Amino acid sequence: GFRFQDKEEALDLKTTYPFLFQHTTVLHINDSKMPPNSHLDWHEHLGKGCIGLGSLGAFISLFDHQQAFIIETPKKRFDDFIENTDILRRLVLGNIKTEGNE
């Protein structure tokens, strides 16, 4: 997986792999309970895992506001879905302070 400290590092990925960004139709989004390179796909709520809002926000900013998303976070309560959807909406709109790109 990729982890970005800021938007500049994320833009380097877009420059290196332009085809990936030109042909992506849906993004699967979740935070991770496990650290990068653990090879474990344990999902966490947005901003509460090892990826963090800074990296998620930097990556999401590389796509336009019309991008489609699938949120795959833990859903023990309906409010979990609402909270994660709100965080994603604010990340897409750039209306959330995130560590690494404040």
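Modeller: The protein has four helices and four strands, which follow one another along the sequence as α-α-β-β-β-α-β-α. Helices (H or I, at least four residues) and strands (E, at least two) are DSSP runs, numbered from the N terminus. The model is predicted: local features need pLDDT of at least 70, side-chain atom pairs count only at pLDDT 80 or more, and totals for chains, interfaces and linings use all residues. Residues are numbered from 1 along each chain as its sequence is written, and side-chain values use heavy atoms, with hydrogens and water left out.

Biologist: What makes the pair of Phe78 and Phe81 tilted?

Modeller: By definition, rings of Phe, Tyr and Trp (its six-membered ring) pair if their centres lie within 6.5 Å; planes under 30 degrees apart count as stacked, over 60 as edge-to-face and the rest as tilted. By this rule there are four aromatic pairs. In the pair of Phe78 and Phe81, the centres are 6.0 Å apart and the planes are at 40°, so the pair is tilted. The two residues are three apart in helix α4 (residues 78–93), and therefore separated by about one helical turn. Elsewhere, ring pairs join Phe21, Phe59 and Phe63 into a cluster.

Biologist: Why does Phe78 count as exposed, and why does Phe81 count as partly exposed?

Modeller: Buried means under 20% relative accessible area, exposed over 50%, and partly exposed in between (1.4 Å probe, protein chains only). Phe78 has 60% relative accessibility, so Phe78 is exposed. Phe81 has 34%, so Phe81 is partly exposed. In the protein, buried residues make up 35% of the 102 residues.

Biologist: What makes Phe78, Phe81 and Ile82 a nonpolar patch?

Modeller: Like charges are joined within 9 Å, and nonpolar side chains (Val, Leu, Ile, Met, Phe, Trp, Tyr) within 5 Å. Ile82, in helix α4, has 43% relative accessibility, so Ile82 passes the area cut-off. Together, Phe78, Phe81 and Ile82 have about 310 Å² of accessible area.

Biologist: Why is the phi of His39 worth noting?

Modeller: Most residues other than glycine have a negative phi. His39 is not a glycine, yet its phi is positive, about 65°. His39 lies in the loop between β2 (31–32) and β3 (43–44).

Biologist: How do you know that His39 is exposed?

Modeller: The relative accessible area of His39 is 78%, so the residue falls in the exposed class.

How values were computed: Patches are made of residues with over 30% relative accessible area and no salt bridge: like charges are joined within 9 Å, nonpolar side chains (Val, Leu, Ile, Met, Phe, Trp, Tyr) within 5 Å. Accessible areas come from the Shrake-Rupley method with a 1.4 Å probe; for residues, only the protein chains shown count as cover. A salt bridge is a side-chain nitrogen of Lys or Arg within 4 Å of a carboxyl oxygen of Asp or Glu.
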